[in-house]
Amino acid sequence: MSKQAKKRAIDSEVYYGTVPLGKEDKIYGFWDIFLITGGWAIATWAYVQGGQIATMIGLEEAVTNTFFGMTLAGLFLCLCVLITTRYGIDIWMYQKALFGYFGLVIFAVIILASQLGYDVINAEVYASSIMKVFAEFGITIPEYLTPYIATTCVIFGAWIALRGPIAVRTATRIMVPCLMALGVFIIITVFRNFSLQELLNVEPLYEAEYGSGLANYMVVLEWNIAFIFAWFASIGVLSRLVKTERSAYWGHVGGFSIVMASFTVIGVLTALAMLLATGVESVDPTDWLLELGGPVLGLLAILFVAVANVTTVAVSLYGISISTKVLKPELSFSKVVIFWSAWVVLLLFWGGIWEYYSVFLALVGATSGSVVALIVVDFFIVRRQKISMKDLYRIGGRNAYRYTGGFNLVAILSFIAGVIGYLWVYEPIEAVPRNDIFLYTTATGFSMIISGLTYLLLSMIKPLNDYLRKDKKRGK
């Protein structure tokens, strides 16, 4: 094999596989990761989230709730990024140490599959927006074609994802500044048509939904926190490519929290503007842009929004496909991308993600929050920021993370405790708080406290600590 061929083979394993990255392999700086995560955040799911929030609480409460909840959640979530950047591995590779070699598989299948529900939302809004613009030009597209049009968003995203991290970075460097400019344009347009006082005076459609303003506020806070923790499934793929831990941490916080919160608030503004202009509730920014400027402005906006959704799907498919290879490294990257793309398309034709949006957020909060809490406690407290790479990759027969038949029973018990805590304070199907604890912690917050504290206390029992730290005597 020639040197060039060897280099291509190595690059393939580094950027499309599970081989840990050294400093010389890392290609992202702060602005790269900020723009990529920011581009991921500026998809229409932010507008959908903002539209949902606007039905529950007023503008002032929505701004404080969104920025506080998403920033706080992001600061905690992004502690996971330090692990992946430091060791050059995916967060799912690390979770072999947390859940065990086989326990990881169960959690990965559930969480990775559910994570792609956000791509379904993006693709559906993408399709809906295109159909509405055509309607403005007098061309009516039958409703039954919606999933077929949405599928093109997935196809375009998969095409970019298959070209790897360089293509993802190039796409986001071009589009993110344009999309941020569009966001600024929307803000200016809203305030040119309505005063701040008018927007502040809009009464939420469902302000009496939970009997008190505090309950409504905390339900929205729960949505916002769950919205951020959903990123945990994919953060390791990108952060392992960043050159320094500081750049990785603050780049992710900036993109996945600050940018996300900013565009969610823009979604609130568009929903309120739509309500003031027409009296109609909508979570689709296209409705407002079409109402304001007609088909020409709407078409221009759709071009930007469509590209935002495509690039978001591209980053998502790349990240989740790399994470999937942790479960079975010999899998072909391209085949994994195609598999997950097909899964998204299947969910599109099912249609349930959009219909049960609040239930979808609850699933994310109940699972992701507890796992993030366990990762942080396990790495920073129990393992004191030290893991065995040889045991993670099972080199030379090393298997300290096998635990009990491949399952870390302490971690799984702690996770179950967290989920039970979640369900004790919050009913996810109807999105109804079950007791007053929810008003102080939210459901995701309470589940994190329960799972993290349970794991920490159990780890203090010496036999269980020895069970968890079999890698301690073996070193790296």
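V125 lies in helix α8; helices here are DSSP runs of H or I with at least four residues, numbered from the N terminus. The model is predicted, so local features need pLDDT of at least 70 and side-chain atom pairs count only at pLDDT 80 or more, while totals for chains, interfaces and linings use all residues. Residues are numbered from 1 along each chain as its sequence is written, and side-chain values use heavy atoms, with hydrogens and water left out.

V125 has a relative accessible area of 3% and is therefore buried. Buried means under 20% relative accessible area, exposed means over 50%, and partly exposed lies in between, for a 1.4 Å probe and protein chains only. Not counting residues up to four places away in sequence, V125 touches T44, V48, D284 and W354. Contact here means heavy atoms within 4.5 Å. Y403 is 278 residues from V125 along the chain, and the two C-alpha atoms are separated by 44 Å.

N122 also lies in helix α8. Its relative accessibility is 0%, so N122 counts as buried. With residues up to four places away in sequence left out, N122 touches A43, T44, W45, N309 and T312.

Helix α8 spans residues 117-136 and gives the most to the lining of the second largest pocket, with six residues. A pocket is found on a 1 Å grid over the protein atoms alone, as an open set of points where a 1.4 Å probe fits, with protein on both sides within 12 Å along at least five of seven lines; lining residues have an atom within 4 Å of a point. The pocket holds about 280 Å³ of space. That volume is the space filled by probe spheres set on the points, with grid points joined across faces, edges and corners. The lining comprises 13 residues, and E124, S128, E143, T146 and W354 lie nearest the pocket centre.

Helix α7 covers residues 103-115 and contains A113. A113 is buried, because its relative accessible area is 16%. Its contacts, leaving aside neighbours within four places in sequence, are A108, W340 and W343. A113 and Y101 are 12 residues apart in sequence and 19 Å apart in space, C-alpha to C-alpha. F333 is found in helix α16, residues 333-350. F333 counts as buried because its relative accessibility is 9%. F333 and A161 are 172 residues apart in sequence, and their C-alpha atoms are 9.9 Å apart in space.

Helix α20 runs over residues 409-425. Its 17 residues reach 25 Å from first C-alpha to last, close to the 24 Å expected at 1.5 Å a residue. The expected span is 1.5 Å times one less than the number of residues. Buried positions in α20 are V410, A411, I412, S414, F415, G418, G421, Y422 and V425. At the start of α20, a side-chain oxygen of N408 reaches to within 3.1 Å of the backbone nitrogen of V410. Such a polar contact is a pair of N or O atoms within 3.5 Å; within protein, one must be able to donate a hydrogen and the other to accept it, and residues adjacent in sequence count only if both atoms are side-chain atoms.

S451 lies in helix α22, residues 443-459. At 0% relative accessibility, S451 is classed as buried. Its side chain reaches two backbone oxygens, that of S447 at 2.9 Å and that of M448 at 3.3 Å. Residues up to four places away in sequence aside, S451 touches S370, A373, L374, S414 and G418. S414 and G418 are among the buried residues of α20.

Two loop residues stand out by backbone geometry. Most residues other than glycine have a negative phi. Y403 is not a glycine, yet its phi is positive, about 55°. Y403 is found in the loop between α19 (389-392) and α20. It is buried, at 7% relative accessibility. T442, likewise not a glycine, has a positive phi of about 65°. T442 sits in the loop between α21 (438-441) and α22. T442 counts as buried, at 1% relative accessibility.
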